[in-house]
Amino acid sequence: MAPLRSARRRPGTRTHRAAMLLIAVIAGVGVLPGVAVAAPVGQQLNAADMTLLNGVRLAGLWEMPAGQMAAEKGQSAKVREIGAAIAGEHQRLDELVVEAANKLGATIPSEPTAEQKGWLNEMQKASGARFDQIFVTRLRVAHGKIFPVIGAVRASTRDATVRKLCEDANGFVQHHMQMLESTGLVRWPELPPAALPAPGNDGLLAAASANTGPAVGVSSTVVWLVFLAALGTGGIATYRMMRRS
């Protein structure tokens, strides 16, 4: 019978363990504050992002025909000019939101809401000065509602495509409000009041909290100190293991 031999450490065992330790330490960087981890397309979107995509899409679906209507039946030359400009710019913005939605794999509306269809019906029935007033009033109120949404989403979204859409939409919407206001038909006292946060609440912090979920009560400084300590300990252990092997 062949004599028994003591079990030998397989070559590379310690080296393998050292390598695995280094990999584990490096992987830990991914969970540190301020380090972004890429997520698959379509999984970074949250409710705020989708509100922006849907809102911009719906705006185009009813404001394009509204602008075309104003270009054709507006009583004043100013309203006709602005109607044509808004229709054209919304067509471009609609192309941008559809492109963004396709890139993100998001489903967005394909027709206006029942309320928006009602506004279009109201405009179709109106004529003369009454039409001009309805057109300016409806569109100015609608733009005023989507404008703060664009800013809030731009400030907190994690998705680069949504950020770019916010920037594009912001320029279009602001320009449209300025054009509508230039008619002199905006009834300022009738505009909805701004939706401000309750006294004592930080609007930006509240928006960020709503967008990212409950905050974790751990200082990022503490997390970094713990990580650096672990990194130092792991480095020493790795050196010793590789030296022994």
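The chain is built from eight helices and zero strands. Keep in mind that this is a predicted model. Read along the sequence, the pattern is simply α-α-α-α-α-α-α-α.

**The chain overall**

- Of the 245 residues in the chain, 32% count as buried.
- The accessible surface comes to about 15,300 Å², and carbon and sulfur atoms account for 59% of that.
- If you look at contacts between residues at least 6 apart in sequence, 80% of them join residues at least 24 apart.

**The nonpolar cores**

- The largest nonpolar core has 22 residues, and the members that touch the most others are L52, L53, L93, I150 and L165.
- Helix 6 supplies the largest share, with seven residues.
- Setting aside neighbours within four places in sequence, L165 is in contact with L52, L53, L93, L96, V97 and A100.
- Another core, of 20 residues, lies apart from this one, and A66, I82, A126 and F131 are among its members.

**Helix 4, inside and out**

- Helix 4 covers residues 114–125, which makes 12 residues. At 1.5 Å a residue the helix should span 16 Å, and the end C-alpha atoms are 17 Å apart, which agrees.
- Which residues of helix 4 are buried? They are Q116, W119, L120 and M123.
- Seen down the helix axis, the buried residues of helix 4 fall within an arc of 95 degrees, so they line one face.
- Over on the other side of helix 4, you'll find A114, E115, Q124 and K125 exposed.
- The cover over the buried residues of helix 4 includes helix 2 and helix 5.

**Salt bridges**

- How many salt bridges does the structure hold? The count is seven, and three of these pairs are picked out below.
- E95 and R92 pair up through their side chains, at 3.3 Å from N to O. These two sit three residues apart in helix 3, so about one helical turn separates them.
- E95 has 40% relative accessibility, so it counts as partly exposed. R92 is also at 40% relative accessibility and counts as partly exposed.
- K117 forms a salt bridge with E111, with the closest N and O atoms 3.1 Å apart.
- K117 has a relative accessible area of 40%, which makes this lysine partly exposed.
- K164 forms a salt bridge with D168, and here the closest N and O atoms are 2.9 Å apart. K164 and D168 are four residues apart in helix 6, so about one helical turn lies between them.
- K164, at 46% relative accessibility, counts as partly exposed.

Conventions: Residues are numbered from 1 along each chain as its sequence is written. This is a predicted model: local features need pLDDT of at least 70, side-chain atom pairs count only at pLDDT 80 or more; totals for chains, interfaces and linings use all residues. Side-chain values use heavy atoms; hydrogens and water are left out. Buried means under 20% relative accessible area, exposed over 50%, partly exposed in between (1.4 Å probe, protein chains only). Contact means heavy atoms within 4.5 Å. Accessible areas come from the Shrake-Rupley method with a 1.4 Å probe; for residues, only the protein chains shown count as cover. A nonpolar core is a set of buried Ala, Val, Leu, Ile, Met, Phe, Trp, Tyr and Cys residues joined through side-chain atoms within 4.5 Å. The expected span of a helix is 1.5 Å times one less than its number of residues. The arc is that of the directions from the helix axis to the C-beta atoms. A salt bridge is a side-chain nitrogen of Lys or Arg within 4 Å of a carboxyl oxygen of Asp or Glu.
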